[in-house]
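Dear colleague,

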Amino acid sequence: MNRPLTVARRAQVPPFAVMDILARVAELRAAGRNVISLCAGEPGGGAPSAVSAAASAIHAAGTPLTYTPALGIAGLREAITGHYKRWYGLDVAARNVAVTTGSSGAFMLAFLSAFNAGDRVVLARPGYPAYKNILRALGIEVVELDCGPETRFQPVPAQLDAAAAQHGPLSGLVLASPANPTGTMASRQELAALSGWCAENAVRLVSDEIYHGITNPAPGAPDPHGVCAWELDRSGVVVSSFSKYWGMTGWRLGWALVPDDLIGVVDALAGNVALCPPAPAQMAAVEAFSEASYAEAEAAVAEYSRTRAYLLTMLDRLGWVDAAPADGAFYLYAGLGAAMDGFADSAAYCSALLEAQGVAVVPGLDFDTVHGGRTVRLSFAAGYDAVREGLERIVAFQGAQV
């Protein structure tokens, strides 16, 4: 008797709603509609000029693009250590730097190396859905903390105490600062409290710092780029990327700072899972740490800040509520408030907005399966002009619903 073929239960993860929205955006644009997409967390400017020039030269010269060491080429790992010295005053050894295929590859390696199937790992909700989807696919139990306006959408030690009391011993905490979708950041004091709690309770911290540098500090404020978890304790894993601050999303290049007790297994896993990160991307990315590249990235950050400032002035006209502070990254996450009237949930609101006004935003259900039916995430990475026009269309749409 033949048994039917099956699909692995662990592979049954929900798709991103944003992907369906982007597909509909493409259909509408192909039909001739003028659509403003405020949904993707993707910088529009592309890689710094020096990085693109280096990539062009590498290909023009016929440089052999062979496998590299599993954790990346030496020159790039050394350049990353220089970046930590520049931004945080940290001395990081190149041996503790793992270059990965995007930050997604870094998360996979961190989760595989630090946690066993059945371990409990804590996440903030709302949060980036790939964390829990990857963890659950690996057989790891996810414990979500309901983090709303009262904690600035970030976890606090009291919530960790409560989670441990309810669920049993915890093995990990994934923390994002700045966070997707809220943009909120943990201050040095707040991060120190969380890092200290993890150290006291034998919990591995995985710190998502991919939006570092895209911040809105006051002049002279401390920690203008964000606080690196390794400034406080080096037992956790720090994940970062070239995708956001440097605008290199499609280059698929990220990295992790890996503590000594994990670096050997991360090296072995990386060689088995991906062999190595993309060779030409690695070679060119060394130029991301040039003065010219930093200057271009800072110009992009200034534009994000300008757009954010305008967006915050529009909140009253939008009538949205409980907006996250948007300390960093390029997102506004908010409740729809009275704008929800007449719609079953935020997904229905977003669908109607897209069809009626040609503006794409993301329903909060991607990020919060409990409360996300009343929230949306708006990405202002598209730039000032696109956001300004998009917001006027949203106001007109909501007015037409009254």
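In this predicted model, helix H12 (residues 346–357) packs against helix H13 (residues 384–401) at an angle of about 110 degrees, with the axes 10 Å apart. H12 is therefore roughly perpendicular to H13 (the class for angles of 65 to 115 degrees). Axes are lines fitted to C-alpha atoms over the stretch in contact, with angles from 0 to 180 degrees between N-to-C directions; helices are DSSP runs of H or I of at least four residues, and strands are E runs of at least two, numbered from the N terminus.

Contact here means heavy atoms within 4.5 Å. On the H12 side, Tyr349, Ala352, Leu353, Ala356 and Gln357 meet Arg393, Ile394, Ala396, Phe397 and Gln398 of H13.

Helix H5 (residues 129–137) is largely enclosed by the rest of the structure, because 7 of its 9 residues are buried (under 20% relative accessible area, 1.4 Å probe, protein chains only). The elements covering those buried residues include helix H4 (102–114) and strands E3 (120–125) and E4 (141–146). Just after H5, Gly139 has a positive phi of about 80 degrees.

The largest nonpolar core has 119 residues, of which Tyr84, Phe242, Trp320 and Tyr349 touch the most other members. A nonpolar core is a set of buried Ala, Val, Leu, Ile, Met, Phe, Trp, Tyr and Cys residues joined through side-chain atoms within 4.5 Å. A second, separate core of 13 residues includes Phe153 and Tyr333.

Residues are numbered from 1 along each chain as its sequence is written, and side-chain values use heavy atoms, leaving out hydrogens and water. Local features need pLDDT of at least 70 and side-chain atom pairs count only at pLDDT 80 or more, whereas totals for chains, interfaces and linings use all residues.

Notes:
Parallel < 35°, antiparallel > 145°, perpendicular 65-115°, else oblique. Buried < 20%, exposed > 50% of the residue type's maximum accessible area, 1.4 Å probe, protein only.
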